[in-house]
Amino acid sequence: MEREQLNFALQHCDPEALNQLCRRIENEARVERIKLPTAQTLLVPVADPINNGSFYGGEVLVTSAITRVNGENGWAMVQDDRPELADAVALLDAAFAASVCTDAIIALARDGEACVRNQVDLDSAKAEATRVQFDLL
């Protein structure tokens with residue numbers, strides 16, 4: 001698994017498993033909070049198909065954090081005001097960079113990816129149930 005995939009995948013895994021792994025890393029490694037979780041808004045750019053330009057379509061609330069594990073920095077940004085989740089994901093990102101509990105982090109991220117796939121499948125099934133069958137006419 002690539003490090004770039006961790007942020008999204010870890011946001012969707014079991015919160016209790018996420019917290020347990022964070023506690024384990026805090027016991028095994030040197031952890032420093034560089035930037036405590038902070039809520040902020042981001043402007044969302046939207047492509048303008050007419051002028052081939054862009055404009056800002058609105059704002060999104062996010063929470064970001066930076067953590068260092070054994071000298072390696074980790075970063076997270078999660079949607080909404082969720083400081084605990086941002087802190088945990090930043091810690092795991094830094095631990096991954098520092099090669100601390102890498103296999104456990106990857107396993108947890110894979111679980112998060114599976115949860116996302118399951119949700120997409122459920123949403124697709126709901127949408128498919130509303131499909132109109134015109135060949136019966």
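Helix α3 (residues 83-97) and helix α4 (residues 102-129) have axes that come within 9 Å and cross at roughly 135°. Axes here are lines fitted to C-alpha atoms, for helices over the stretch in contact, with angles running from 0 to 180 degrees between N-to-C directions. Helices (H or I, at least four residues) and strands (E, at least two) are DSSP runs, numbered from the N terminus.

A quick word on the model: it is predicted, so local features need pLDDT of at least 70 and side-chain atom pairs count only at pLDDT 80 or more, while totals for chains, interfaces and linings use all residues. Residues are numbered from 1 along each chain as its sequence is written, and side-chain values use heavy atoms, leaving out hydrogens and water.

Back to the helix pair. α3 passes α4 in a left-handed crossing, meaning the near helix is turned anticlockwise from the far one by less than a right angle (clockwise would be right-handed). On the α3 side, L92, A95 and F96 make the contact, and α4 brings in T102, I105, I106 and L108; contact means heavy atoms within 4.5 Å.

Now for the sheet. Three strands form an open sheet in the order β1-β2-β3, with antiparallel pairing. β1 (31-48) and β3 are the edge strands, each pairing on one side only. Direction ignored, neighbouring strands of this sheet are turned by 30° against each other on average. Strands count as paired if DSSP finds at least two bridges between them.

Follow the chain through the strands. β1 and β2 pair over 15 bridges in the antiparallel sense, and P45 has Y56 of β2 as its bridge partner. The hairpin they form has four residues between the strands, and N52 in the turn has a positive phi of about 55°. Next, β2 (residues 53-69) pairs with β3 (residues 72-79) over eight bridges, again antiparallel. Here V62 is bridged to Q79 of β3, and V69 to E72. Two residues lie between the strands of this hairpin, where N70 takes a positive phi near 50°.

Finally, look at helix α1 (residues 3-10). Its buried residues are L6, N7, A9 and L10, where buried means under 20% relative accessible area, exposed over 50%, and partly exposed in between (1.4 Å probe, protein chains only). Their cover includes α2 (15-28), β3, α3 and α4.
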